[in-house]
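Trainee: Please take a close look at a single part of this model and go through it in one piece. I would like the cut-offs stated along the way.

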Amino acid sequence: MSDETIRYSREDLAEFEQIIQDKLTAARKEVVFIKETLSRKNDSGTDNTASSSKVLEDGADTAEKESLNQLASRQMKFIQQLENALVRIKNSTYGVCIGTGKLIPKERLRAVPHTQHSIEAKMARRD
């Protein structure tokens, strides 16, 4: 089998790289927004000068902070996966399923550009 049949062309890789760069930009903006939101939550201005309802508000604030922290953590993991995909593009290994060794369909890569598994391999892992 020649390299042409098991690797994507430079043009295809350039398309995927642009998709990944766009997703990276959006994900990084979201992380910045989440961090800014968290830092404002830690800022106890005049909003938190209430009475007995403060205990309930503190519980809600804690739950919201935890939720935002989890969201930030997921976004950071997603960013790392996208950055790893860029490395695979540079290495010309992008788009090759690590389970089957076959090319992952372009449609899947456009939808999930950081994936390393074809649907076939992903379904086999679940069994």
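Mentor: Arg-108 is buried yet has no salt bridge; buried means under 20% relative accessible area, exposed over 50% and partly exposed in between, with a 1.4 Å probe and protein chains only. A salt bridge needs a side-chain nitrogen of Lys or Arg within 4 Å of a carboxyl oxygen of Asp or Glu. The nearest side chain of opposite charge, Glu-107, is 9.7 Å away from Arg-108; Lys and Arg count as positive, Asp and Glu as negative, and His and the chain ends are not counted.

The model is predicted: local features need pLDDT of at least 70 and side-chain atom pairs count only at pLDDT 80 or more, while totals for chains, interfaces and linings use all residues. Residues are numbered from 1 along each chain as its sequence is written, and side-chain values use heavy atoms, with hydrogens and water left out.

Arg-108 sits in helix α4; helices (H or I, at least four residues) and strands (E, at least two) are DSSP runs, numbered from the N terminus. The side chain of Arg-108 does make a polar contact, at 3.1 Å, with the side chain of Thr-115. A polar contact is a pair of N or O atoms within 3.5 Å; within protein, one must be able to donate a hydrogen and the other to accept it, and residues adjacent in sequence count only if both atoms are side-chain atoms. Not counting residues up to four places away in sequence, Arg-108 touches Thr-115, His-117, Ser-118, Ile-119 and Lys-122, where contact means heavy atoms within 4.5 Å.

Ser-118, one of those partners, belongs to the loop between α4 and α5 (119–126). Ser-118 is buried, with a relative accessible area of 7%. A polar atom of the Ser-118 side chain lies 3.2 Å from the backbone nitrogen of Ala-121. With neighbours within four places in sequence left aside, Ser-118 is in contact with Cys-97, Thr-100, Ile-104 and Arg-108.

As for annotation, an unreviewed UniProt entry places the feature "zinc finger region: dksA C4-type" at residues 97–121. UniProt positions are given in the numbering used here, feature names are shortened, and annotations may be inferred rather than shown by experiment. In the model, the chain over residues 97–121 is 36% helix and 0% strand, and the end C-alpha atoms of that stretch are 8 Å apart.
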